[in-house]
Amino acid sequence: MSSRRSSGGLLRRPIISPLRYPGGKASLYLRLADLIRSNRLSYGTYVEPYAGGAGAALALLVTGQVRRIVINDLDPAVYAFWRALKEDPESFSRRIENVDLSVGEWRKQKEIQTSVDRSDFQALGFSTFYLNRTNRSGVLNGGPIGGLDQSGPYKIDARFNRSDLVERVRLFSLHSKRITVLNLDGREVIRRYSPRDDVFVYADPPYFEKAGSLYLNSFSEADHAALAKCLNSRASAIWLLTYDNSPKVAELYPDRRRTIFSLNYSAHRIARAKEVMVYSDALALVASQQALWSENEA
């Protein structure tokens, strides 16, 4: 398990997810942990209806901030990865240790994404993992790091540290009995889990802007509206939502508390982006958390 450190050397968050995910929210680990403790949910279940790389979820589980996590992703390729990892982590680790890191192998793994039977979770899941670790910015439909001719400054193996990735799989397997993996529409997951009083739901759906370049499953306007209807009707449950800083957020969640925050964001380039948090009415925020979470009101 590796960790990010602040400029002052303080531990910020553990890095456990084997996936690289553009726009991932693992950097919110400390803030999520603070909210979970303040809402007395440390013995509860943390749910991500749009999990992607599930960086925050795994960090919270492994460090004991929550007892169980639910990883859901509608994308069949991403779901296949999590299912393959949960069902046979030892086989997955052996493939990490032995797979060839070359453009030829990259082409084979890319072909699997369109040709393999979707029920073959091991093949599809490993293909998803391989492309995520060898593609630029981890985007599944992107090209390999270094280009097809490998003339770039970084090569295809630049983000494929075998020993580190095997260790992340080992950590996942140690906690796998407390991990639920689902392949459902995110709204169905919210409907299923939000009525429980021991659940913290963190929804991080595809965003309004540039969603198509970051996610294989983008949202239409109707999808955004349907999610808002689902969450707004459950304002008495404990949930948190993050979005890009779009005027649409205020239109869809006019009665919910909202704050703007900054996030280091990487997809082809590193930038500091403004995003919006939306809180359910039931989510407790103390003064110290308000200062930690927001720069100003949305």
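**Close-up views of a predicted model**

**View 1. Packing of helix 8 against helix 10.** In this predicted model, helix 8 (residues 186-193) packs with helix 10 (residues 221-232) at an angle of about 5 degrees, and their axes lie 10 Å apart. Helices here are DSSP runs (H or I, at least four residues), and strands are runs of E (at least two), numbered from the N terminus. Axes are lines fitted to C-alpha atoms, for helices over the stretch in contact, and angles run from 0 to 180 degrees between N-to-C directions. The two helices are therefore roughly parallel (angles under 35 degrees). Arg187, Ile190 and Arg191 of helix 8 make the contact with Ala226, Leu227, Cys230 and Leu231 of helix 10; contact means heavy atoms within 4.5 Å. These residues divide into five nonpolar, no polar and two charged.

View 2. Leu41 lies in the loop between helix 1 (29-38) and strand 3 (45-48). Leu41 is buried, with a relative accessible area of 5% (buried means under 20%, with a 1.4 Å probe and protein chains only). Not counting residues up to four places away in sequence, Leu41 touches Ile36, Gln65, Val66, Asp197, Asp198, Val199, Phe200 and Ile238. Gln65 is 24 residues from Leu41 in sequence, and their C-alpha atoms are 8.5 Å apart.

**View 3. Helix 6.** Of the 14 residues in helix 6 (residues 121-134), 13 are buried.

**Notes.** Residues are numbered from 1 along each chain as its sequence is written. Local features need pLDDT of at least 70, side-chain atom pairs count only at pLDDT 80 or more, totals for chains, interfaces and linings use all residues, and side-chain values use heavy atoms, leaving out hydrogens and water.

Note on methods. Buried means under 20% relative accessible area, exposed over 50%, partly exposed in between (1.4 Å probe, protein chains only). Angles under 35 degrees count as roughly parallel, over 145 as roughly antiparallel, 65 to 115 as roughly perpendicular and the rest as oblique. Ala, Val, Leu, Ile, Met, Phe, Trp, Tyr, Cys and Pro count as nonpolar, Asp, Glu, Lys and Arg as charged, and the others, Gly among them, as polar.
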